[in-house]
Amino acid sequence: MNALDLSRWQFGITTVYHFLFVPITIGMAFLVAGLQTAWVRTGKEKYLKATKFFGKIFLINFAMGVVTGIVQEFQFGMNWSDYSRFVGDIFGAPLAIEALLTFFLESTFLGLWIFGWDRLSKKVHLATIWAAATGTALSAYMILAANAFMQHPTGYTINPARNRAELTDFTAVLFQNTAYIAWFHTISAAFLVAGGLMAGVSAYLLMKGRAAEAMRATLKLGAVAVIVAGAALLVTGDQDAQVMVSQQPMKMAAAEGLFTTTTNAPFSVLSIGDLAGQTATRIIEIPGLLSWLSTRDFNGTVEGIDNLNQQYAQTYATNTMVHSAGITDFAPYVPVTYWSFRLMMGFGFLAIFFGLLALWVTRKGRTPTSKWFLRFALIMPRRRFRRPFSLSSTSWCWEKLAMHRNSGRPSPLRS
């Protein structure tokens with residue numbers, strides 16, 4: 001392994017560990033705010049108990065997210081220092097807004113919420129948790145705007161004299177469709193994960209006979225959140241896929257393991273064999289579905305990995321950056337992209353099923369007693385949201401941006 005491989009592994013591990021806490025923090029902030037709103041409006045003790053209990057879970061995850069996020073920020077300058085210098089004028093802008101505006105918004109009002117229970121009026125105290133929850137959503141948008149620039153660079157120009165990219169249109173960077181569609185998709189996923197956590201914990205405590213009245217209410221709230229968020233994920237995920245096909249067709253081809261441009265392309269549910277070596281056998285596939293997902297036409301044409309590789313090789317045939325970096329394959333590692341895409345969808349449908357099951361077993365005030373439901377409930381909080389792309393896919397976009405430099409210097413990811 002060289003420095004590039006080690007940097008990717010380190011950054012990938014840090015990012016995944018950080019993202020274990022992010023969706024819980026975002027979704028749980030709004031769910032806790034909803035519980036406290038119910039307490040303020042009704043005065044029922046069960047909502048107050050639920051607010052304080054799940055508020056602690058929210059705070060623990062918030063603290064862990066902050067700690068791991070700081071480490072991730074350092075790695076932009078340490079692992080990808082050349083990249084940070086090259087696009088720091090653009091990439092750093094939404095990150096700076098996130099740190100100086102949205103994070104301070106959520107952390108300031110979260111502090112007021114933590115220490116203001118006996119010092120603020122009910123309504124003012126309630127406003128602090130809603131402000132903190134809004135801050136988490138805005139913080140997510142700024143991070144996704146930075147990520148969207150990595151996926152689809154826009155709003156910049158190359159300064160050959162300074163050998164760096166410079167910001168020309170901040171509005172284009174902040175509000176491109178790659179950013180806001182990813183934000184809707186990610187927020188939906190956050191509610192699904194937080195709802196699953198709330199429902200799973202509530203089901204366990206309810207079946208153990210602890211705080212039955214409060215846990216029955218939170219079990220239903222978490223289940224409803226999972227079902228509604230799951231439906232939103234289907235819609236926003238489809239829109240995200242449409243953007244991905246138009247901007248990064250290689251990513252869609254890799255997500256399906258499609259090597260040859262195909263008309264009426266099927267979507268494979270299950271494959272066996274070597275996906276990277278093009279020897280995989282499709283066990284279950286749905287004819288024409290990939291074409292419909294990509295083009296809204298069951299007979300539409302979906303570009304394959306090999307064909308796209310040829311196109312990119314011709315496009316950058318005279319680019320010294322590509323040759324000096326030794327780039328010959330523009331595709332991500334197909335098995336990781338293929339299986340993470342299916343795991344993401346599989347866990348999503350599993351979560352929706354759990355939400356429906358939770359509402360069914362608690363109908364008309366019933367208390368669930370099945371050991372299988374208990375085991376199912378304990379598994380749900382361990383579910384994690386997965387983005388349908390690998391680290392190599394994202395890194396490829398970084399290298400693509402670096403190709404604009406024709407200075408003969410190596411790519412920032414190869415240095």
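Buried means under 20% relative accessible area, exposed means over 50%, and partly exposed lies in between (1.4 Å probe, protein chains only). Keep that handy for the tour.

This is a predicted model, where local features need pLDDT of at least 70, side-chain atom pairs count only at pLDDT 80 or more, and totals for chains, interfaces and linings use all residues. Residues are numbered from 1 along each chain as its sequence is written, and side-chain values use heavy atoms, leaving out hydrogens and water.

**Stop one: colour by confidence.** pLDDT is the predictor's confidence in each residue, from 0 to 100. The chain averages 86, and 92% of the residues score at least 70.

**Stop two: helix H11.** Select residues 305-315, and pick out Ile305, Leu308, Asn309 and Tyr312, which are buried. Looking down the axis of H11, you'll find these buried residues within an arc of 105° (taken from the directions from the helix axis to the C-beta atoms), so they line one face of the helix. Gln310 and Gln314, on the other side of H11, are exposed.

**Stop three: Leu343.** Now go to helix H13, where leucine 343 sits. Is leucine 343 buried, partly exposed or exposed? With a relative accessible area of 40%, leucine 343 counts as partly exposed.

Conventions:
Helix = DSSP H or I, 4+ residues; strand = E, 2+ residues; numbered from the N terminus.
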